[in-house]
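Please keep the sequence and the structure in view while reading.

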Amino acid sequence: MPELVDLRINGKDFHFPKGSNLLDAAESVGIHIPNLCHLKGLKGAGACRLCLVENRCKTITACTTEIKKNMDIITDNERLRSLRKTTVDLILSMHPADCMTCAKAGDCLLQKYACDLGIKASSFTRKRFAHPRVEYSPFIRYSQQYCILCGRCVRICKEQGTRVLNIMGRGLESRVTTADDQSFEESGCLFCGSCIDVCPVNAIAEASMADGTIRQWERTKAKTTCLSCTSACAMVTSSFNGEILKIESDAGANSCEQYLCKKGRFGFGELKSDTRILAPMVKQNGIFVKTDWDHALAVVAQQLSETKSRKKIVSCGRLTNEDARSAGRLISDLDNCDFVFAGESFRGPSWPDEEKPDIEQSDLILIAGLDPSQKENRLPGFEVLIRKKINRNARLIVIHSMEISLSGLASVALHGDISSNLKHFSNRLNFIESGETKHSEHTDSSKENQIALGVKLFLESDKPLVFVPPSLMEAAKGIVRKKGLVVCLTYNVNENGIKSTGLKPAELKFIPEATGCDDVVYAIGDVPYSRALKTDYLIVQNSHMTELAETADVLLPSAAFHEVNGTITDYLGRTRTLTMSQKPSKLSREHKEIFRNIANRRMGAIHPIQMDSCGIP
Amino acid sequence: MTQTENSVILEGGWKKSQGYCVVRNTLNFVAEFLDSDMCGRCMPCTLGIYEMKIRLQNLTNRAGSCEDLDAIRKVAVTVRDSALCVKGKKAARNIIDSLERSISHYYEHIDGKCSFFKCSPLYIYKIVPDKCNACSECLLACEHNAVVGEKSSRFFIGSKAFEIISERCVRCGACLKVCPAGAILPSHAMMDNMFKKTDFTA
């Protein structure tokens, strides 16, 4: 337990953990100190000077101050308010006065503080910086005339490792820009859009939200979870009239998981793309013919009901728990039918329910056989999570066949044969823990030193977490015998959830080439096999047309994850909710609805089409 | 001191103008701080000192008013109390000191008078008609065609005094230096059409 420190704020006594930030601590007990440049979880910058507080006649900025005992803080008095008012007034004098048409109106911190401090209009001369620049990269619109030089975008970009933005120049020539004023595309920006999340004013925003015609308060917000990859980042969507306008990250400003990659943030346009499957289709004479649900369901039900044929149901893991339950009921009824996950799956979470892994508390992360990379869009949310944890003083051990982007940040990086390194690591760890006198040493002495250091860090840590792909799960279990937990990161985002509903895969590794012996394959979701599966009959149930879908015999249009309500269980075992933000296109149905319809059809009776809770038939 | 109309012409005005103008000094100090020393990383200092520069420019350009003084005072106090670093705080303290020590000079500038003859929009060069002997040295020295008059010739008795057109005069002081009779002196006369607009882009 961290040591608690007593101090007084505005006359009331509080206890906070030692070393915490004064601004964050006050916020946690409901005392808001105005700030424009602070980012929770990051070191304070002290650029805006709005968070000045008085500590026994000494004026300090709350964002750069650590809690010490016997502080007597006053956060608000005449003098402080006058200082804040003049500062905000000065910022307003340098800011375009177009609140009326600005897209950020309602969500703008500058507007909020001007209102709180009672500033109707700036009392200083109207000025502007001499370098207006408006850039519309594919996704991000950067209007420099609104920038107040708070530096939040620079600091978040640095924290995430991309580092394309910086404040160049000094004095009045200061401006936030990329190296050599390159465009965002040239500068190496990955378009994650975190700068959009943190900008307090309208300087950096989505290119699609350039005009403010739909105001912030007219939009409906819905908290949901991204199912694009296993990182399962939390997001909140802003929609208007059933159409998504904007997506922001929602893990919480203080969380190390506050991130959304470009797919999650800007990818909602694909819900209306040309490749969307709009109606059930059956292949006749080599071309797809549109049909109605009745006919398509009849065909599918008939194919699945053949008792003699071997059936395989392949899921990409993007089903919600509710979809999985519905599928489970359908599958239990079918003869000669196996369920598998696309890609490799693992036996099951290795932790009992009471002891789920806690990523916030963990102080050591060991990744083996994984190469999370924002640049290559491979588990980007996970890579940023590790970077943020390291910034908050967690340690990283990397075991991989070659150098990865995170190797530079690791305290110990073991490259080479992954299983042998893992084996040596766990042997040495267990040897030290059990106190034996002999252990097999690694032939390479530098590796031996690295392993020794890694083991030492592991033993010193409080809550280590080991992240592995399914193939290394068994080997990794050897490391966590005494403490720590193994977390498996699979291709399938809701694998934990689907398995928890009772739907267990028949094989742990689905090999598409081996489907020659299956007569019917029913692929649910975006199953990532582009070659034609060797099967007699292929049913694809997905929202978009894929290479696999081109070769299908029946296409069933399903709703995408923005269009459903449901829950999933993420890779850390937490239950996450999905909320519908956009209405699905007319003939698309949720997965669970389709399974129900097929099951009904199979019973022979033609039931009236059931409406689910969203009122979608 | 002789007084003619609403202007005050000082005897030995040339020597008097060798002193420094407090307001101009403060303006130079602020302008130099903006151009070189300022880091621009904290908001009150960057924006505040720029605001002060504009206000001081107003004072030295005959566009000054009490509002400008109030703004300077308010901003300087804010920068002194809330700037990030000592540089900004010291700059603000210097300005506050200058305001306190020499507030009368600031008020003079608001009234349109610069006692030290340093703020060019606030004074003019005038040729004392009694002393002028129309030798035309000043006309030849002036590069801005601001002096008009007819040179005295040997054939005519008497001469008409030369005149300086204040709109064209930039107060470079060339005529002042070459006048053998010492007839050109700075004067506090107000010129209503000498208003200069401040460019507000940084």
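Is A:Asp76 buried, partly exposed or exposed? A:Asp76 is partly exposed, at a relative accessible area of 40%; here buried stands for under 20% relative accessible area, exposed for over 50%, and partly exposed for values in between, with a 1.4 Å probe and protein chains only. The partner of A:Asp76 is A:Arg84, and their side chains form a salt bridge with an N to O distance of 3.7 Å. A salt bridge is defined as a side-chain nitrogen of Lys or Arg within 4 Å of a carboxyl oxygen of Asp or Glu. A:Arg84 is buried, with a relative accessible area of 5%.

Some conventions apply throughout. The model is predicted, local features need pLDDT of at least 70, side-chain atom pairs count only at pLDDT 80 or more, and totals for chains, interfaces and linings use all residues. Residues are numbered from 1 along each chain as its sequence is written, chains are lettered from A and ligands numbered from 1 in the order in which they are written, and side-chain values use heavy atoms, with hydrogens and water left out.

Side chains of opposite charge can pair when their charged atoms come close. Over all chains, the count of salt bridges is 38. One of them joins B:Glu51 to A:Lys127, with 2.3 Å between the closest N and O atoms. This pair crosses between chains: B:Glu51 belongs to helix H3 (residues 43-60) of chain B, while A:Lys127 belongs to the loop between helix H3 (109-116) and strand E6 (134-136) of chain A. Helices (H or I, at least four residues) and strands (E, at least two) are DSSP runs, numbered from the N terminus. B:Glu51 is buried at 0% relative accessible area, and A:Lys127 is buried at 4%. Both residues take part in a network of salt bridges that links A:Lys127, B:Glu51, B:Arg55, B:Glu67 and B:Asp68.

A further pair lies within chain A, where the side chains of A:Glu460 and A:Lys456 form a salt bridge at 3.4 Å, N to O. Both residues are in helix H12 (residues 445-460), 4 residues apart, which is about one turn of the helix. A:Glu460 is exposed, with 54% relative accessibility, and A:Lys456 is partly exposed, with 45%.

Finally, A:Asn393 is located in the loop between helix H10 (380-391) and strand E19 (395-400) of chain A. A:Asn393 is exposed, at 67% relative accessibility. Its C-alpha atom is separated by 37 Å from that of A:Ala105, which is 288 residues away along the chain.
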